[in-house]
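Please look over the sequence and the structure before reading on.

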Amino acid sequence: MVALDSTFFRGAIAGCLLAQGLVAAELRATLEPQRVAVGEAANLSLRISGGDADTPTMPDVPNLIVQFQGKNQSISIINGVTSRSATFSFVVGSQKTGEYLITPITVSVGGQVLQAPPLKLTVFDDGTAKANDQSKDVADDPNRLGIMQVELTTPERQEIYLGEIAPVRIRAFFPMDAQVRLESAPQPAGGSFTLHNINEQPQQSIETKDGKPYRSLTWFGGISGTKSGTEPVQLTIKAVVAVPDATKPALRPRIGSRFPGGTRVSYVEENVTLQNQDISLPVKPLPIEGRPANFSGAVGEFSFDALDIPATWNTGEPQRVALRIKGSGNFAIMKAPELSPAELWKWYPGQDQFTPGDIASFSGSKVFQYNAIARRNGEHDVAFALSYFDPKQAKYLTIHSDTKRVSIQGEAIKEDEAKVAEAAAPTPIADSQGTMPLRESNHRGSVSAGLAGRVDFILLGGIVAFASALAPTFAWWRQRHLDPRRRANQLRQQTIAAAMRDAERHVRTQDAASYWQSARIALQTALAAQWRVQAHAISLHDVMHRCGSDSPVTAFFREADRWSYGAASQQPAWDTWRVLHQQALEAIPT
Amino acid sequence: MRRLILGCVSLFLIATVHAASFEDARAAAKNGDWNTAIHHYETILKEHGDSASVHYNLGLCYQQQADTGRAVLAYERCLAMNPRAADARHNLAILREKESLPMLDTLPEGLPPFVAWFSRGEWTMLFLTALVLLLAASWMAVFTSTSIRRVCMAVIFFSIILAIASAWVGIKRSGVTSMAVILSSGQSLRLSPFANADEVISCPAGSLCMIEWEQGNFFYVRMLSGNSRGWLTKQHLERIARRR
């Protein structure tokens, strides 16, 4: 069974291929309908049978819109004959009335060139042509990509003051059929105004403006003038707007048509910078007259909402005070109100925190906390004082919080002590970033850290250290050199040595009396150092008394006396005498 | 005599030019012309050497220019010369808090707090002063009478203690000469001294590190925060202690 089926299908396929080769290729073009209104789509079909072909190229007819819709393929077997066909569908139409001749369309099928007969499309006006012309006018409209508006949310205000932040509403309108991508938030175009507190996410809505629907984006914020005078308020927004291509209008499906499609809308992207129409806003300088001494730039309407002042104080001890101010105005540059009476307090910059009350951060409340030091003791009524400029009343106002009675203990701080306390307190803050200011003068400070590694420093340090070490060495040498006992001993040693030399000389000259005299001097000098007596005063009696009668020293003195005073006629025994002298010298303890 | 007069005049002129440049730089900074101020301050440092005030003002200018790395470097150099500079310490703390940099001290751990009262240069000068005092007292002790010699011996004892203490502190703080600041952001420590080596950790501008050794165009550094080690290109960091 399987073999039979396989044989059958092989034969059928071979037959189909053979039959296909026998059928001639054919091209048939149909246009339905041949009359359409302006902007409507007609369907153009190209049916190619007997072969396969690529998508035909449509002839270029001026003002005729042609758009390829798709391709259908079919294979049919009728009485064993297989036929293949492909149908290419196009949408054609025009935005202008007239008769359009579609020149013959040529298609190549398997090397065979087929040509369809020419087609004629009549486009008539059914009253929409005028509307299309209007759309062309819209295309020429400079605001077709969007409109921007800026308006004060307090329309009764016709002018603002320097430093005042005026609340504004910024709106951008984009066409409903546009696709929009914002490239920037609203920003001032000139240098006359600055923009504050713009909300990051704009509100979105659909609104009708001049009879046309728009998609609108709304921001809230505040503007403030940078200089006095009447200057235009110019804000811009950058966006990429994609709008339908006016040069390639779309065709709508024909009413009652069994073909569904019109042409697709093609978009074109444009980078646009929307700018509002100029509105002039006079900016007035803050008056100098009546400006309080503690005015710090607050412009708006403010009031004290809450305060926290400790009831008991000690002079010189810092304590934290806090207050909250509510209202509307330029909270951003508002500084902490002072404690009053001012002469009673010394205070230091602290912290603040703003809580917005509306989307533009124009109204809200701000909490200040800082440290203060009481200078004088006693019972005092204290309060916070804030001076600001009220633009509605066009004058400066100074408001005071509720008073609070505080008890301050301790001795009054003298001015010097106040300065000391000030020096010990946190360093005053110099600017908005909290950094300390530039130094006014150039103090070099100490030497650099690399000094220790420099050769000249090492050389100098080494010389100084060496010279320092020389001092004790010199002192030791000097003391040693000038010591009388040492010098006496040295002299004694020299005397002994001289006497010994003389004795040796007398041995050589065979002069026994002189020998005994020199040898005696040497021995007497050595004994004198031990006994601390005069050398020449030492006699045999002294030696016998101190050293004993059997001492070599006594024997030497006895022999020396014998030879000095009566034994000169005897034969000298030089070797014996020298040994005796040596033994006597060695017997003296050193 | 003529040479002496000429020398004095030259010194006076140099001092005058120096002061004028500092004033010019300060005026430019006050006008918000930070680039000009930075140029002037850098010129002063180049021509006249280190100055704590110039480093401080330079740091403030760089801080205004949002150049965190160079601002930290300048403040650290100011503090290296004068650790008691409250303004530089204050600004550095603000800068580090803003840039989320760790609050590090260049003083090594384990040293008593009084070590931080003086810079390493000041400790070095103290050491030298102690040596000179020792020299004077020692020689005076050699040639004076006994009563004065006792005073000299006390001075000698004090000088020796001072010299040993200052030398010990100087040696302990010798690491400051290896300390450096990473200048530009987006830099990473690398595993090896090659530009295409794997990254170990990224280091923000203004981070402190210790240079341990160098090879080619790279330094092997240890980050003071976290103790990470790795190689970093030389051009992306600068030593706090300037080399001449």
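How much area do chain B and chain A bury between them, and what share of it is on carbon and sulfur atoms? In this predicted model, the two chains bury about 3,300 Å² between them, and 62% of that area is on carbon and sulfur atoms. The contact involves 44 residues of chain B and 32 residues of chain A.

Across this interface the rule finds 6 residue pairs in polar contact, both residues being at pLDDT 80 or more, and it also finds 1 salt bridge. That salt bridge joins B:Asp87 to A:Arg439, with the closest N and O atoms 2.9 Å apart. The elements of chain B that give two or more residues to the side touching chain A are helices H1, H2, H3, H4, H5 and H6, and the largest share, 15 residues, comes from H6(B). The table sorts the residues on that side of chain B by kind.

| Kind of residue | Number on the side of chain B that touches chain A |
|---|---|
| Nonpolar | 22 residues |
| Polar | 15 residues |

Of its 244 residues, 47% count as buried, while the accessible surface of chain B comes to about 12,700 Å², with 61% belonging to carbon and sulfur atoms. Among contacts in chain B between residues at least 6 apart in sequence, 55% join residues at least 24 apart.

Terms used
Residues are numbered from 1 along each chain as its sequence is written. Chains are lettered from A and ligands numbered from 1 in the order in which they are written. This is a predicted model: local features need pLDDT of at least 70, side-chain atom pairs count only at pLDDT 80 or more; totals for chains, interfaces and linings use all residues. Side-chain values use heavy atoms; hydrogens and water are left out. Buried means under 20% relative accessible area, exposed over 50%, partly exposed in between (1.4 Å probe, protein chains only). Contact means heavy atoms within 4.5 Å. Accessible areas come from the Shrake-Rupley method with a 1.4 Å probe; for residues, only the protein chains shown count as cover. Buried area is the accessible area (1.4 Å probe) that two parts lose on being put together, summed over both. A salt bridge is a side-chain nitrogen of Lys or Arg within 4 Å of a carboxyl oxygen of Asp or Glu. A polar contact is a pair of N or O atoms within 3.5 Å; within protein, one must be able to donate a hydrogen and the other to accept it, and residues adjacent in sequence count only if both atoms are side-chain atoms. Helices (H or I, at least four residues) and strands (E, at least two) are DSSP runs, numbered from the N terminus. Ala, Val, Leu, Ile, Met, Phe, Trp, Tyr, Cys and Pro count as nonpolar, Asp, Glu, Lys and Arg as charged, and the others, Gly among them, as polar.
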